[in-house]
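User: Hi! Could you walk me through this one? I'd like to ask things as we go.

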Amino acid sequence: MASNICSRVLGVFFEYDTPKIVHIRSKKVGVINRFLQLCIIGYVIGYAIIFKKGYQEFDNVRGAVTTKLKGVARTDNFTSGEDFRIWDVSDYVVPPQENGAFFVTTNYIVTDGQQIATCEEDLKIPGVNCTDDPNICVKGKAIMLGNGFMTGKCIESVRHPGNKACEIEAWCPTEDGFTKAPNPAALDIARDFTVFIKNNIEFPKFGVKRRNIPKSINNQTYLQNCRFDFGNNKLCPVFKLETIVGATGDNSDFENIAVQGGVIQIIINWDCNLDYNVEDCVPEYMFRRLDSADEVVSPGYNFRYSHYYRDINGTEKRTLFKAYGIKFILTVQGTGGKFNVMPLALNIGSGLAILSVATILCDIIVLYVLKAKNLYRQKKYLEVVSDDAYKDLKEETEPNDSSIH
Amino acid sequence: MASNICSRVLGVFFEYDTPKIVHIRSKKVGVINRFLQLCIIGYVIGYAIIFKKGYQEFDNVRGAVTTKLKGVARTDNFTSGEDFRIWDVSDYVVPPQENGAFFVTTNYIVTDGQQIATCEEDLKIPGVNCTDDPNICVKGKAIMLGNGFMTGKCIESVRHPGNKACEIEAWCPTEDGFTKAPNPAALDIARDFTVFIKNNIEFPKFGVKRRNIPKSINNQTYLQNCRFDFGNNKLCPVFKLETIVGATGDNSDFENIAVQGGVIQIIINWDCNLDYNVEDCVPEYMFRRLDSADEVVSPGYNFRYSHYYRDINGTEKRTLFKAYGIKFILTVQGTGGKFNVMPLALNIGSGLAILSVATILCDIIVLYVLKAKNLYRQKKYLEVVSDDAYKDLKEETEPNDSSIH
Amino acid sequence: MASNICSRVLGVFFEYDTPKIVHIRSKKVGVINRFLQLCIIGYVIGYAIIFKKGYQEFDNVRGAVTTKLKGVARTDNFTSGEDFRIWDVSDYVVPPQENGAFFVTTNYIVTDGQQIATCEEDLKIPGVNCTDDPNICVKGKAIMLGNGFMTGKCIESVRHPGNKACEIEAWCPTEDGFTKAPNPAALDIARDFTVFIKNNIEFPKFGVKRRNIPKSINNQTYLQNCRFDFGNNKLCPVFKLETIVGATGDNSDFENIAVQGGVIQIIINWDCNLDYNVEDCVPEYMFRRLDSADEVVSPGYNFRYSHYYRDINGTEKRTLFKAYGIKFILTVQGTGGKFNVMPLALNIGSGLAILSVATILCDIIVLYVLKAKNLYRQKKYLEVVSDDAYKDLKEETEPNDSSIH
């Protein structure tokens with residue numbers, strides 16, 4: 001009895017199941033079958049394995065970007081009529097550093113010498129023109145789209161004589177809402193500014209570290225003088241802002257974007273085949289404009305910031321800047337691939353599995369379409385009728401198949 | 001011989017293999033089999049293809065967000081007793097612009113007129129109260145949790161008469177650690193501030209670009225006056241801060257979060273079925289509080305910054321702000337789907353493969369459970385015994401199966 | 001006729017197809033077969049299900065990080081010879097808050113009292129030394145790598161007597177390009193600064209919210225005094241900067257990185273098995289240096305910013321800082337897993353499918369390698385020759401197989 005069980009268990013290890021196959025010799029079906037199989041094999045080998053690099057294991061790139069701007073601008077004789085000013089990096093990059101982004105001022109409206117006091121509200125704001133109805137100035141009321149809190153008085157406008165405006169407590173004088181962004185842009189020369197982009201990346205799975213400065217160009221003289229272009233200098237990490245704007249393609253020339261500002265994405269793309277020389281793993285730069293140039297409401301990109309100071313009496317004052325400019329967003333993306341037996345095996349395995357689909361399709365043709373379908377059906381199927389078969393009517397309709405072969 | 005090989009090769013193209021099938025007519029097994037198959041087909045068609053949109057190719061959304069705040073606040077008569085101040089955007093947004101985030105000051109503690117000098121250390125700091133032991137003030141020692149470097153002297157406290165504190169070199173006077181964040185918050189009116197969120201997105205794979213301002217609402221009047229709500233204005237891109245805080249659901253009312261500050265995520269969700277009209281691809285807004293309201297140690301969100309200035313003598317001074325407020329983090333997410341024959345084929349293919357699982361389960365029933373299992377086993381299996389079979393005992397136990405059929 | 005169709009339809013529900021199997025008893029093939037199957041089952045159960053947690057559904061972590069720095073530094077007697085200064089958080093963190101990052105100044109070069117005027121250009125800039133050729137100073141020309149716009153004059157250099165430099169309109173005096181970053185770093189004491197990292201995360205799919213302060217250590221005393229290390233305090237969320245730099249491993253000691261600055265990533269890794277107690281879901285901290293320490297061109301990390309003020313005459317002046325320091329980038333990553341029957345079923349299902357690969361491999365051995373291959377081939381294949389078979393030559397070469405069995 002024990003030896004019986006033992007032999008059964010052992011027997012399990014010495015046996016082998018394989019499906020019985022009906023081998024059909026037929027030109028029609030054979031050709032269809034092989035054609036389908038070729039399509040599938042072509043898809044698996046050509047597309048999934050070779051084109052999509054199914055023999056490689058992949059890893060996403062990770063990295064950090066830092067940037068350094070160079071360039072200087074001068075502005076004068078506009079908006080306020082007399083505002084001579086030199087702009088260097090610490091002036092036009094606001095805030096001075098960001099994570100994965102940087103902003104360059106290209107245009108501005110300045111309101112100098114503001115202090116907390118009472119003055120007329122900006123007449124551009126709806127609901128502050130009290131020429132006809134002084135009662136709209138309600139003491140203590142805040143105008144949310146405006147600059148301050150009403151005192152309740154309705155005063156003569158100095159800026160727009162003949163009109164009256166509600167008096168407000170605010171940073172006075174207020175920014176003049178009728179002032180438009182200068183055109184051409186005050187810092188239009190920003191087109192000549194350059195940005196040096198330093199990008200260190202890693203494919204952690206493969207332990208590969210790279211920089212966007214390949215060894216071949218890593219000498220100080222070249223780096224100080226080169227400027228990126230899509231030709232010979234496509235690895236130079238120093239970019240003229242005008243080149244970046246031009247490469248966004250979006251009908252964007254610098255002149256237009258400089259006036260109202262905008263948002264541009266700089267994509268650093270690392271698609272590396274690490275089966276080759278690691279020195280061939282170099283970045284590709286792409287540029288896209290992220291905002292749309294033709295917006296109806298508040299187009300472009302601008303924001304307000306202030307420089308605070310004290311006057312000779314110790315009163316807190318500020319210079320308010322409405323800065324228009326280009327916000328550059330830096331994105332590091334890409335994948336590295338390296339040969340690995342695992343994904344190759346999985347792709348071949350799933351390819352074999354998909355091959356059975358060819359058989360299913362051919363079966364349909366063989367069993368339902370071809371003239372000799374009854375012959376094939378007889379050969380392919382072995383009929384077994386159990387005691388509880390639903391056979392009453394079957395027997396009448398298919399008398400030939402009801403017996404057990 | 002050559003024609004022989006040739007004919008063999010050609011023969012390969014004109015043949016076709018299909019598994020031989022045992023076709024069993026049995027109510028019991030048939031019903032189980034069809035039921036299992038229906039479950040699998042239901043899963044594949046109903047869940048994987050229809051519900052999970054298995055007939056679509058997907059792409060992740062990419063985009064940029066910019067924000068514009070509006071609103072003005074006034075503060076007075078608190079902490080220092082007399083600090084009348086008007087706060088507009090350039091005052092309460094610190095830093096003036098960020099990438100994918102913005103901060104709104106809702107409360108603050110101000111320490112005015114600081115300059116580098118010697119003064120008493122803040123008695124809130126542990127280890128600086130030298131009332132009992134003047135020796136704890138060690139010249140040159142830095143108190144890392146404190147505000148400066150000890151001079152070695154132990155002086156009478158002016159702020160807390162009757163106590164002595166170590167004298168330090170620091171920005172003097174120091175912030176008073178015993179001052180608590182004002183409650184209600186100084187800028188509680190920030191609840192009425194509005195933020196205009198501009199979001200341009202793209203599904204690069206499908207070349208679809210969208211904005212969070214659909215054509216239907218893209219007129220200046222509507223956009224200037226609308227305010228987001230979850231009803232009729234769920235596409236309005238102008239949000240009252242109070243609405244955002246209220247929608248986080250986390251028992252958060254604005255009054256509480258304004259006092260200590262907090263972190264809130266604004267999710268702009270673009271789940272688009274691009275098989276339909278592209279104009280139906282509109283964003284959905286979601287709001288979540290990211291910090292927990294009930295923290296023991298340093299709850300909320302605050303940080304310190306300074307305004308630097310010079311007094312009449314040219315001495316550098318600064319106004320130190322401890323700003324409490326809400327940090328809003330903007331996240332753009334979502335996927336766009338469009339019909340594609342490839343994922344549909346893959347889903348159907350894998351569905352067919354899973355169908356064989358029904359056969360495996362039924363085989364177990366047929367071969368091991370049913371009474372007629374021996375009949376089925378005979379029909380399903382064709383026994384082949386090779387010369388090296390492990391058959392000595394087998395022949396005794398299963399004499400009927402050992403022959404080659 | 002109707003009953004006929006009806007019975008056929010009903011018949012479909014009471015039938016069942018199963019492949020006919022050739023059951024081979026052979027020690028050689030059986031052992032190979034079982035060995036292959038064991039490998040596959042081992043892979044599926046051991047690797048895919050147990051090791052890779054194939055029985056779990058996964059979700060990516062989402063969360064927010066906020067940071068709070070503590071520490072104070074003093075600098076004196078360097079670069080300008082006399083610059084005593086106390087640095088607290090609002091001085092050395094620039095900008096005061098960022099999203100997912102923070103910057104700590106560790107070294108700096110200060111240029112005080114700049115105002116817009118005319119002065120000599122920095123002689124470090126190429127093309128401004130006009131000792132030999134005064135004509136290189138072209139009126140109105142901007143030197144993009146320089147500090148301002150040429151007036152056209154060539155003047156005696158005050159900084160470098162005996163040399164002449166082009167006069168420029170700029171923020172004067174310009175930063176001296178020959179000044180090197182102080183070594184040791186001015187704020188080398190930043191090694192003792194601490195940062196408190198608050199991280200709230202969520203696994204949205206499982207509704208699990210966690211913080212990086214487990215209940216076990218959530219008492220104020222411990223949190224105020226603990227410092228992170230990789231031993232007993234690996235959950236303490238307060239980090240000394242020196243510990244972070246040391247843990248990057250990259251031969252980085254604080255002394256070196258403090259001089260030129262650098263970029264360091266702080267990874268907060270939440271890999272949680274949510275089948276266990278949720279209290280065991282705690283973060284792991286990892287630190288990596290993202291820039292490379294040995295760069296040729298502009299190594300480290302630095303940027304420029306200014307403090308603006310007015311002098312007694314109301315002239316706008318500024319203090320220019322070139323700040324070197326460490327940029328810390330905070331990354332929250334990780335996955336949470338929880339038992340789910342769906343992925344388990346899919347893994348078992350695909351495991352069963354892969355089992356058929358064993359059969360394919362054994363078939364090759366049985367049909368092409370073994371001596372008894374002709375016997376097996378006869379048993380496995382049922383030959384069917386259709387009328388349109390390509391059989392002319394076949395019949396001659398394989399006469400035994402051409403009949404229908």
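User: Great, let's start with B:R85: what does it lie over?
Analyst: B:R85 lies over the face of B:W87, at 5.8 Å from the ring centre. For a charge to sit over a ring, NZ of Lys or CZ of Arg must be within 6 Å of the ring centre and within 35 degrees of the ring normal. Before going on: this is a predicted model, where local features need pLDDT of at least 70 and side-chain atom pairs count only at pLDDT 80 or more, while totals for chains, interfaces and linings use all residues. Residues are numbered from 1 along each chain as its sequence is written, chains are lettered from A and ligands numbered from 1 in the order in which they are written, and side-chain values use heavy atoms, leaving out hydrogens and water.

User: Thanks. And what does A:R74 lie over?
Analyst: A:R74 lies over the face of C:F149, with 5.5 Å to the ring centre.

User: How many aromatic pairs are there over all chains?
Analyst: A search of the whole structure gives 62. Rings of Phe, Tyr and Trp (its six-membered ring) pair if their centres lie within 6.5 Å; planes under 30 degrees apart are stacked, over 60 edge-to-face, and the rest tilted. Take A:F228 and A:F287: their ring centres are 5.8 Å apart and their planes are at 70 degrees, so this pair is edge-to-face.

User: Where do A:F228 and A:F287 lie?
Analyst: A:F228 is in the loop between α4 (220-225) and β12 (238-240) of chain A, and A:F287 is in strand β15 (residues 284-289) of chain A, so the pair ties together parts that are 59 residues apart in sequence. Helices (H or I, at least four residues) and strands (E, at least two) are DSSP runs, numbered from the N terminus.

User: Are A:F228 and A:F287 buried or exposed?
Analyst: Both A:F228 and A:F287 are buried. Buried is under 20% relative accessible area, exposed is over 50%, and partly exposed is in between (1.4 Å probe, protein chains only).

User: Which aromatics form a cluster in chain A?
Analyst: One aromatic cluster is formed by A:W87, A:F103, A:Y108, A:Y301, A:F303, A:Y305 and A:F321.

User: Switching to the chains: how many residues does the contact take from chain A and chain B?
Analyst: Chain A gives 91 residues and chain B gives 68, with contact meaning heavy atoms within 4.5 Å. About 7500 Å² is buried between chain A and chain B, 56% of it on carbon and sulfur atoms. Buried area is the accessible area (1.4 Å probe) that two parts lose on being put together, summed over both.

User: Which residues in chain A lose the most area to chain B?
Analyst: A:M144, A:R310 and A:V384, together 9% of what that side buries.

User: What about the backbone: which residues does a cis peptide bond join in chain A?
Analyst: A:V94 and A:P95, with omega about -10 degrees. A:P95 lies in the loop between α3 (89-92) and β7 (101-120) of chain A. In chain B, the peptide bond from B:C172 to B:P173 is cis, with omega near -10 degrees.

User: And what is the phi of B:K53?
Analyst: B:K53 has a positive phi of about 50 degrees, although it is not a glycine. Most residues other than glycine have a negative phi. B:K53 is in the loop between α2 (27-51) and β3 (56-60) of chain B and is partly exposed, at 29% relative accessible area.
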